[in-house]
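Subject: Structure handover

Hi,

Here is the structure we talked about, with my notes below it. Please open it and read along.

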Amino acid sequence: MPRIIDNQDKNLVGKNVRKLRKQRNMSQQELSDKLETLAIYICRGSISRIEDMSRTVTDIELFGLSQILGVPIEEFFK
């Protein structure tokens, strides 16, 4: 069965990723570099697309974001 997406947003967490990253005074490139240390490869441009909700986020990417930003995964959905 195909998935139906009613709007243009591709994720629910982008705005909170941006908020948490900025609270830590971290650039998108720095976040990308830190994710790479966990073998999670998201380029700076993809971080931007996650934050503007035009790109999906995989479960492993969400796990890595929670590790680097130091918050439980649930925090992204508040």
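The largest nonpolar core has 15 residues. Val17, Leu31, Leu35, Ile42, Leu65, Leu69 and Phe76 make the most contacts inside it. A nonpolar core here is a set of buried Ala, Val, Leu, Ile, Met, Phe, Trp, Tyr and Cys residues joined through side-chain atoms within 4.5 Å. Buried means under 20% relative accessible area, exposed means over 50%, and partly exposed is in between (1.4 Å probe, protein chains only). Elements giving two or more residues to this core are α1, α2 (28-36), α3 and α4. The largest share, 3 residues, comes from α4. Helices are DSSP runs (H or I, at least four residues), numbered from the N terminus.

A word on the source: this is a predicted model, where local features need pLDDT of at least 70, side-chain atom pairs count only at pLDDT 80 or more, and totals for chains, interfaces and linings use all residues. Residues are numbered from 1 along each chain as its sequence is written, and side-chain values use heavy atoms, with hydrogens and water left out.

What does Val17 touch? Leaving aside neighbours within four places in sequence, Val17 is in contact (heavy atoms within 4.5 Å) with Leu31, Ile50, Glu51, Leu65, Leu69 and Phe76.

Next, the helix pair. α1 and α3 pack with their axes 7 Å apart, at an angle of about 120 degrees. Axes are lines fitted to C-alpha atoms, for helices over the stretch in contact, and angles run from 0 to 180 degrees between N-to-C directions. α1 and α3 are therefore oblique to each other. Oblique is what remains once angles under 35 degrees (roughly parallel), over 145 (roughly antiparallel) and 65 to 115 (roughly perpendicular) are taken out. On the α1 side, the contact is made by Gly14, Lys15, Val17, Arg18 and Arg21. On the α3 side, Ser48, Ile50 and Glu51 make it.

α3 has several buried residues: Gly45, Ser46, Ile47, Ile50 and Glu51. What covers them includes α1 and α2. Just after α3, Met53 takes a positive phi of about 65 degrees.

Now the charges. How many salt bridges does a search of the whole structure find? The search finds 4. A salt bridge is a side-chain nitrogen of Lys or Arg within 4 Å of a carboxyl oxygen of Asp or Glu.

Look at Glu51. Glu51 meets Arg18 in a salt bridge (3.3 Å, N to O). Glu51 lies in helix α3 (residues 44-51) and Arg18 in helix α1 (residues 14-23), so this pair ties together parts that are 33 residues apart in sequence. Glu51 also forms a salt bridge with Arg21, with the closest N and O atoms 2.6 Å apart. That pair links α3 to α1 as well, 30 residues apart.

Arg21 is buried, at 6%. Arg18 is partly exposed, at 30%.

Another salt bridge joins Glu75 and Lys78 (3.4 Å, N to O). Glu75 is partly exposed at 23%, and Lys78 is exposed at 71%.

Last, Arg55. Its side chain makes a polar contact with the side chain of Glu61 (2.8 Å). A polar contact is a pair of N or O atoms within 3.5 Å; within protein, one must be able to donate a hydrogen and the other to accept it, and residues adjacent in sequence count only if both atoms are side-chain atoms.

Best wishes
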